[in-house]
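Q: Please take me through the reading of this model, one feature at a time.

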Amino acid sequence: MKNNNNKLRRSMTTALVGATFGFAALTSVPAQAAANKTLQSGNEYMVVANYPNQLHVVDLKTDKLFKTCDMPGRFGPGALQMAPDNKTAYVLNNGYEDIYGIDLDSCEVSFHARMAQSAKERTKTIYSFALSYDGKELYAVQNPTILERDHYRVQPTRLAVYDTSAGKNAKPVRMLPSPRIVTAMQVGKDGGLYMAGADIYKMDVNTGEYEVAVPSRNWQRERYVQPDVLNVWAVQTPTEDFTILYTTARFQEGSEDLNTADWIYGYFNINLQTGATETRDFGPITEIYFTGTRSPKDSNIMYGVLNRLAKYDIEKQTLLKAAELDHSYYCITVNHDGSKIYLAGTYNHVAVFDADSLERLDTITLPGGDMSTTTAQVFIR
């Protein structure tokens, strides 16, 4: 089991490293959409980021590029979260060291927080930031290191809380001890911060107290081995679910032989409106997916993507359909009525698919290069 898990982890890690450092896929593209266009109320859009350092807004009614905003700093990783009012996109950028709030109507920077808190400190946030349910606070897990002349000193991991109205020199309004290796987060309607790390924790952002909301490393499922997960893309779904895929193996009754075990895909889910949690298998492992999401119009349908786009019947735990792709895509999301699937991450293509047939409908080519591990976020203005 250890060897098999290591193989899966190595395959994920190899592809992820390739994405993080990019493929430098600069290509010829249409003229850049005007940056001063105002988003229209009631319209549905998607935001993504890419090299060299741009934020793109795509109109999902026409599946055309709506506008492009230049961002400060340097690109990477381009992880995104939309504010609840759907006016500001928050971007983790500048080599994982700064978070910017970009006003999508003006393309102006309205918020900036540097993760390091002193000149001697180098601090990285590894994808793990989120906004409060009302959008008034921003939470970031920070991993600081003090850079001395002849040595480095690793500091305890912390959760920094920012006031999103603090402007372009935002400082933490409070800092709390944090669990380590947290790499994806979302906030529930009750204010609890869900932090995906070794387990999925739920933290009180005022006291710093936390508990295990969904056990992962510490799950206790009879005949199941420890799951393998990849917590990177905190996609804000139309159904307000926080979904993370896992792979695992389940032994046959009375056996601990991996050669006869069932190899399984499943998902952890937190309904952010109710706080309900779920751990559920949805199909056999036939390939690796980096992200997965359920259909907004049929919660029994699960989609997954990496080198193919796949569609599963959760109840029957069967693969219904799969579509071949022109290259890998890391991040999957759906529009609000569940009719179309959007694939992003890697290269500068957003692929559009019919959610029922998995027929490819369009390819949106973005100005610039590789999207790396950007988070595609769909929203209605």
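A: Let us begin with the naming of elements: helices (H or I, at least four residues) and strands (E, at least two) are DSSP runs, numbered from the N terminus. The model is predicted, so local features need pLDDT of at least 70 and side-chain atom pairs count only at pLDDT 80 or more, while totals for chains, interfaces and linings use all residues. Residues are numbered from 1 along each chain as its sequence is written, and side-chain values use heavy atoms, with hydrogens and water left out.

Q: How many cavities are there, and which strand gives the largest share of the lining of the largest cavity?

A: Rolling a probe the size of a water molecule over the atoms shows where empty space is left. On a 1 Å grid over the protein atoms alone, a cavity is a set of points where a 1.4 Å probe fits but cannot get out; a pocket is an open set with protein on both sides within 12 Å along at least five of seven lines; lining residues have an atom within 4 Å of a point. Grid points are joined across faces, edges and corners, and a volume is the space filled by probe spheres set on the points. The count here is 3 cavities of 30 Å³ or more. The largest cavity holds about 200 Å³ of space. It is lined by 23 residues, of which Trp233, Thr243, Ile244, Thr291 and Gly292 are the closest to its centre. At least two lining residues come from each of β18, β19 and β22 (289-294), and β19 gives the largest share, 6 residues.

Q: In what order do β18 and β19 stand in their sheet?

A: Two strands pair if DSSP finds at least two bridges between them. The order is β18-β19-β20-β21, an open sheet of 4 strands with antiparallel pairing. Because β18 (228-229) and β21 (277-284) each have a single partner strand, they stand at the edges, and one side of each is left without a neighbour in the sheet.

Q: How much space lies in the second largest pocket, and which strands each supply at least two residues of its lining?

A: The second largest pocket has about 470 Å³ of space. Its lining has 21 residues, those closest to the centre being Met82, Pro84, Gln236, Thr237 and Glu240. The strands β4 (79-82), β9 (129-131), β14 and β30 (377-380) each supply at least two lining residues, and the largest share, 3 residues, is that of β30.

Q: Which strands are at the edges of the sheet that holds β14?

A: This open sheet of 4 strands is ordered β14-β15-β16-β17 and paired antiparallel. Its edge strands are β14 (184-187) and β17 (210-214), each pairing on one side only. β14 and β15 (residues 193-196) share 4 antiparallel bridges, and valine 187 has leucine 193 in β15 as its bridge partner.

Q: Is asparagine 335 buried or exposed, and with which residues is it in contact?

A: Buried means under 20% relative accessible area, exposed over 50%, and partly exposed in between (1.4 Å probe, protein chains only); contact means heavy atoms within 4.5 Å. Asparagine 335 lies in the loop between β26 (331-334) and β27 (340-344) and is buried, at a relative accessible area of 4%. Beyond its neighbours within four places in sequence, asparagine 335 is in contact with Glu44, Leu60, Pro238, Pro296, Lys340, Tyr342 and Val378.

Q: Where is tyrosine 51, and what joins it to proline 52?

A: Tyrosine 51 is in the loop between β1 (44-50) and β2 (54-59). With a relative accessible area of 24%, tyrosine 51 is partly exposed. A cis peptide bond, with omega about 0 degrees, joins tyrosine 51 to proline 52. The C-alpha atom of tyrosine 51 is 4.9 Å from that of glycine 369, 318 residues away along the chain. Another cis peptide bond, also with omega about 0 degrees, joins glycine 76 and proline 77.

Q: What is the phi of threonine 346, and what is that of leucine 358?

A: Threonine 346 has a positive phi near 70 degrees, and leucine 358 a positive phi near 60 degrees. Threonine 346 is in the loop between β27 and β28 (349-354) and is buried at 3% relative accessibility. Leucine 358 is in the loop between β28 and β29 (360-365) and is buried at 6%.
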